[in-house]
Amino acid sequence: MLSDTLRAGAESRVFKIILFLIILSFIFTGVGGYLIPRLNTDPVTVGEYKISAQEWNNQYNQQAQMLQRNYGAQAVSMLENPQYVKELKTQILENLIDNVAFNAAVYDANVRIGDNQVKDVIRSNPAFIKDGKFNNDLYIATVRNMGISPEYYGEQMRVSLMSTSVSEPLMRLASIPFDYEVKALSDIVSKVRYVDLYSIDKRDLTKSIKPSDDEVMAYYKDNSDKFKSPAVSKFNYIVLDMAKLMNEVVVDDEKLDEYFNMHHEDFKVAQKRGVYHLAVAKGSEAQSKIDAIKADLKAGTSFVDVADKYGIDKDNIDLGLISRGSVAPNLEEAVFAIDGVGGVSDAIVDDFGTHFVGVYKIEEEHTPSLSEVKSEVRTAYINEEARKLFNEKSQTLADMSFENPDSLDATAKALNLEIMDSGDFSYGDSKAVWPLNTKAMQDAAFNEENINSHMNSSPVNVSDSVVAVINIYDYKASALKSFDEVKDEAYALTVDSQSVKKAEQLLQDYAKSIASGSAKAPEGIEIKSSKNIALPRGDNAYDPEFGMAVYAIENAKNAYTIATNKGVPTLAVLLEEKADPNFDATMYNSALSVQMMQLNSQMGATMLRQGARELNEIVYNQEAIDLVLKTDEME
């Protein structure tokens, strides 16, 4: 039996050996790590344990295979990039070091895991559940299909639990933000700045601005990027779209039945509850009234009769069958806390008033029959099979376009794809047809390697379900237009540039006159003003850069900034800063707490890794490391 196998393994030398050989993926990383046996052909030594080049490469190969399974052609493209592979391998090595260091530190602290804990984890693994309970035969078959023995798998679990028993409590504790931290940030964000705004219409200044030919020429030279003709690329391309592959999936009842049997958990229907709801509007909920309503409902009076008795709106009393996530959290919590049919909640108070909910029906969680969810099963099956087809054909696309680099003909024929022509195509052309209007295709069309090689590109991942290959046959680089071609345009832009500078100087002088107590507008220039304007953070009425400039002003009366807003030079003079009356501190603090928990969790993970490293001597063998990295480059 499972427990006997585990106990026998723990009492033997197997555990002691395997403890230093293996460790499942550590909580902080997506890459499996192992404690390595004491070998001497090693890129890195962590304390007494050595990480071998073979183990490092094994981990890289596993990661590369996972990327290919999950991302198909996109992964193929990434793994063809030597720089990406080098960075990936380096990160994998660092993760291995983190895992070895942490698990060595945990083991040295005498942390151990018993058989019962290992057994509970294995028994609760969905991969080993059949007909709602743990199946030992399924367990043995599954782990053997993984290429390992049940004993070995059990010890993997033991070592993994050993590590997480230390890391998870520390991570939970470290991730919780202090109330004062949340409040301090909330107080900053809740403040609104009130400003006086002054602006000058540039058009009032352009009439008097007459730049010389030399000034226009200087602007032309200093801003040459504004006067270039766009680069133009012409290419053929083919597109593999998973949506079209759905039509190739053959579906019959036998396949649907098999798919449903394998994935029935995916179609489980959550518990639903039939719910009655009464809401007493805010402002009309005298406590005596609330108490009377509660007493009537608890006594069994129907929700409709209670609504009639107390003049409560009867619309939407019956919310129908609801599941978790379908109503407001406060109501959901109350609904699913009720013991059974006929139960009524206590008063629920929120910003809208006082609520009562009652349950009149419960549909328990269950797995429906295939006939009940056949349409959903059919859709899921088609999507899964189309994804498999897409991954297979993506690999074919990558292989054939590489093996037949001069043309897309062979690849298109093999995959039954149409070869299309882009025509003249410029970067950033948002009006281009799909998928040429996507960034991925535009980047590929103007990739230097693709331009110069005149060969098929690497697969272009338009999305996770669309991949393309292009072959550029003509390219014209961007070129600076002659001054004569753009003289009028250069003149107009020079005038605009000089008018902005002049407006900013006039506003600067005006700000100084305000500070002196004798505000005086420049003669012949109209300064438009808007007084005592509330400017909340992130107000869409203003450019983000302008809003940031306003909040960067020193918090002092008559402090000011000059920045462009909606293309208009604008002076903002600070009047005061005070709390926003519409700021929802409860909602904001809740969202902020989640963000801070995520940040703290990342910082906690980093601290644990660094701490574990400090407890171990880590020696890098740079020659061995370079050999692994250079071997990949040669391949």
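Modeller: The C-alpha centres of domain 3 and domain 5 lie 56 Å apart, where domain bounds come from an automatic or database domain assignment. This is a predicted model, in which local features need pLDDT of at least 70 and side-chain atom pairs count only at pLDDT 80 or more, while totals for chains, interfaces and linings use all residues. Residues are numbered from 1 along each chain as its sequence is written, and side-chain values use heavy atoms, with hydrogens and water left out.

Biologist: Which residues make up domain 3 and domain 5?

Modeller: Domain 3 is made of 190-227 + 485-579, and domain 5 of 270-363.

Biologist: What makes β17 and β18 edge strands?

Modeller: The open sheet of 4 strands has the order β17-β5-β19-β18, with antiparallel pairing. β17 (527-535) and β18 (560-565) each have a single partner strand, so one side of each is left without a neighbour in the sheet. Strands here are DSSP runs of E with at least two residues, and helices are DSSP runs of H or I with at least four, both numbered from the N terminus. Neighbouring strands of this sheet are turned by 30° against each other on average, direction ignored.

Biologist: How do you know that β18 and β19 pair?

Modeller: Two strands pair if DSSP finds at least two bridges between them, and β18 and strand β19 (residues 568-579) have 6 bridges in the antiparallel sense. One of the residues involved is I562, whose bridge partner in β19 is L571.

Biologist: What packs on this sheet, and which strands does it touch?

Modeller: Helix α21 (residues 483-515) packs on the sheet and touches β5 (191-200), β17, β18 and β19; contact means heavy atoms within 4.5 Å. The direction of α21 makes about 35° with that of β19, where axes are lines fitted to C-alpha atoms, for helices over the stretch in contact, and angles run from 0 to 180 degrees between N-to-C directions.

Biologist: Why are α8 and α23 called oblique to each other?

Modeller: Helix α8 (residues 150-175) and helix α23 (residues 585-614) pack at an angle of about 135°, with their axes 8 Å apart. Angles under 35 degrees count as roughly parallel, over 145 as roughly antiparallel, 65 to 115 as roughly perpendicular and the rest as oblique, and α8 and α23 are therefore oblique. Residues of α8 including L170 and M171 meet residues of α23, among them M597 and G604. By class, the contact of α8 with α23 has 7 nonpolar, 5 polar and no charged residues, with Ala, Val, Leu, Ile, Met, Phe, Trp, Tyr, Cys and Pro counted as nonpolar, Asp, Glu, Lys and Arg as charged, and the others, Gly among them, as polar.

Biologist: What makes α7 roughly perpendicular to α8?

Modeller: Helix α7 (residues 136-145) and α8 pack at an angle of about 85°, with their axes 9 Å apart, which makes α7 roughly perpendicular to α8. Y139, I140, V143 and R144 in α7 meet P150, Y153 and G154 in α8, and these residues divide into 5 nonpolar, 1 polar and 1 charged.

Biologist: What makes the peptide bond from W434 to P435 cis?

Modeller: The bond from W434 to P435 has omega near 0° and is cis, and P435 lies in the loop between β13 (425-426) and α19 (439-445). Most peptide bonds are trans.
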